[in-house]
Amino acid sequence: NMELKKRHESLALVNGLADRLKRTLDVEMIAEEAVAALIQLSHPPLVALYLLDEEGRAMGLLAQHGFDEAILAAGLSIPVEGSLSGLAILHRQPFASEDISNDERLEPTMSSRLSQAGFASVISIPMVFEEKALGAINLVYRERRAVSPEFLDTLSTIGRTVALAIVNSRNVAELEHLAFHDSLTGLPNRGGLHRWFSESVLSGSVDRGKVGLALLNINRFREVNDALGHHVGDRLLCQIGPRIKSTLAERDPLVFRLAGDDFAVVVPDLDEAVEIEVLTGDLLTALAAPFEVSEMAVGIEASAGVSVAPDDAIDSSQLLRCADVAVNHAKRTSKPMVRYSPKVDQSTPQRLALASDLARAIRDDQLVLHFQPLVTLADGRPIGFEALVRWLHPKLGMLPPDRFIPLAEVGEL
């Protein structure tokens with residue numbers, strides 16, 4: 001009955017741990033929960049949770065309980081080869097040592113420190129998920145401790161439970177990174193810009209200064225791809241972010257790749273809106289210097305549109321739209337940079353609605369001609385007429401040609 005009771009308590013502890021780990025994706029919190037559960041299970045004076053590094057040669061300490069300064073200094077990192085933890089990872093099963101001072105399987109420095117501190121035995125639990133080892137958890141006791149198969153089985157279950165939680169955390173972190181970052185350059189993407197703006201600006205976590213946004217578009221970038229190949233174009237794009245950051249290093253800018261050859265640069269905490277114009281001018285100069293790509297010097301030019309929050313907009317979507325309007329105006333007018341203003345903004349909702357109405361107006365014969373006579377000054381005799389189109393809009397009344405002819409020219413109307 002006592003054995004069954006202990007077994008039941010162990011299973012309840014494991015289930016409770018698994019339930020708590022489902023509620024967090026923070027790896028450090030997962031490690032702390034695991035350490036707390038193991039202390040509750042067998043009351044070891046020392047507990048250490050290690051994660052494997054990327055190369056799989058060493059393990060770094062993530063969470064611990066009971067370490068003094070000497071043990072902590074020796075146990076911040078332990079090698080996989082030549083350690084009991086390494087054996088547990090290699091064989092995917094717990095390993096125990098009932099005599100630390102005479103066990104050659106232990107890492108020498110750590111073994112010596114533990115022995116000097118009066119510790120006698122250690123159990124190393126691998127954290128394994130689908131045959132992939134993530135690290136190990138070590139339990140250290142002052143007494144020589146015989147370990148039952150049932151207890152080792154419980155420890156193995158805890159190791160697998162913690163490993164599953166860590167894998168889930170890493171998977172979610174990877175998915176989140178993919179969702180908010182550009183796969184080619186590694187820069188945050190459009191979603192990353194909106195998230196940063198929401199978390200930093202709208203929440204008030206950044207200073208209350210103005211926020212400048214510069215939208216950069218590489219001119220004739222398609223020619224680079226066509227002439228040199230897409231692989232060269234991709235390498236060029238990967239160099240743009242670092243050059244922007246180095247150029248504005250003192251202002252610590254945020255750089256985003258929105259799509260294709262469009263980059264956004266955000267500079268928070270501006271005193272005056274004109275600062276972002278000056279900084280954008282510096283960027284355009286820096287980007288004009290040749291890039292070394294595949295042993296070639298590739299020169300590019302860029303056009304920029306600038307907008308400022310809260311002057312032009314108070315949210316990231318509208319701020320980005322304003323910068324987009326400005327950069328399009330820069331391209332149309334062959335200017336290197338344009339600051340957004342309502343005067344250059346022809347992409348209003350009213351204009352979009354008018355463009356939609358124009359097709360219906362043509363079908364319904366709402367367009368009319370007004371004929372203006374041409375006469376001679378000598379005798380006032382009519383010599384011809386100038387035909388001027390008007391749009392008799394059902395809601396807006398008579399519209400002159402400058403209100404709708406440009407809409408017809410940009411489409412197929």
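Phe221, Val224, Asn225 and Leu228 of helix H8 meet His230, His231, Val232, Gly233, Leu236 and Leu237 of helix H9. Contact here means heavy atoms within 4.5 Å. The residues of this contact divide into six nonpolar, four polar and no charged. Ala, Val, Leu, Ile, Met, Phe, Trp, Tyr, Cys and Pro count as nonpolar, Asp, Glu, Lys and Arg as charged, and the others, Gly among them, as polar.

H8 spans residues 221–228 and H9 residues 230–247. They pack at an angle of about 135°, with their axes 6 Å apart. H8 and H9 are therefore oblique to each other. Angles under 35 degrees count as roughly parallel, over 145 as roughly antiparallel, 65 to 115 as roughly perpendicular, and the rest as oblique. Axes are lines fitted to C-alpha atoms, for helices over the stretch in contact, and angles run from 0 to 180 degrees between N-to-C directions. Helices (H or I, at least four residues) and strands (E, at least two) are DSSP runs, numbered from the N terminus.

This is a predicted model: local features need pLDDT of at least 70, side-chain atom pairs count only at pLDDT 80 or more, and totals for chains, interfaces and linings use all residues. Residues are numbered from 1 along each chain as its sequence is written, and side-chain values use heavy atoms, with hydrogens and water left out.

**The six-stranded sheet**

Six strands form an open sheet in the order S3-S2-S1-S6-S5-S4, with antiparallel pairing. Strands pair if DSSP finds at least two bridges between them. S3 (77–79) and S4 (95–97) are the edge strands, and each pairs on one side only. From one strand to the next, the twist averages 25°.

Strand S1 covers residues 46–52. Seven of its seven residues are buried, so S1 is largely enclosed by the rest of the structure. Buried means under 20% relative accessible area, exposed means over 50%, and partly exposed is in between (1.4 Å probe, protein chains only). In a regular strand the side chains alternate between the two faces of the sheet. Both faces of S1 are covered. Leu46, Ala48, Tyr50 and Leu52 are buried on one side, and Val47, Leu49 and Leu51 on the other.

S1 pairs with S6 (residues 132–141) in the antiparallel sense over six bridges. Val47 stands opposite Leu139 in S6, and Leu51 has Gly135 as its bridge partner there. S1 also pairs with S2 (residues 58–65), antiparallel and over six bridges. Here Ala48 faces Gln64. The hairpin of S1 and S2 has five residues between the strands, and Gly56 in this hairpin takes a positive phi near 75°. Helix H6 (residues 149–180) lies across S1, S5 (121–129) and S6, running at about 45° to S5.

**The three-stranded sheet**

A further open sheet has three strands in the order S14-S15-S16, with antiparallel pairing. S14 (367–375) and S16 (397–399) stand at the edges, each with a single partner strand, so one side of each is left without a neighbour in the sheet. Neighbouring strands are turned by 40° against each other on average, direction ignored. S15 (residues 382–393) and S16 pair over three bridges. His393 stands opposite Gly397 in S16.

**Aromatic pairs**

Rings of Phe, Tyr and Trp (its six-membered ring) pair if their centres lie within 6.5 Å; planes under 30 degrees apart count as stacked, over 60 as edge-to-face and the rest as tilted. By this rule there are two aromatic pairs.

| Pair | Centre to centre | Angle of planes | Class |
|---|---|---|---|
| Trp196 and Phe197 | 6.3 Å | 70° | edge-to-face |
| Trp391 and Phe404 | 5.6 Å | 85° | edge-to-face |

Trp391 lies in strand S15 and Phe404 in helix H13 (residues 401–410), so their pair ties together parts that are 13 residues apart in sequence. Trp391 counts as buried at 0% relative accessibility. Phe404 is buried too, with a relative accessible area of 2%. Trp196 and Phe197 are both buried.

**Ser111**

Ser111 sits in helix H5 (residues 108–116). Is Ser111 buried or exposed? At 10% relative accessibility, Ser111 counts as buried. Leaving out residues up to four places away in sequence, Ser111 touches Ile100 and Leu106.
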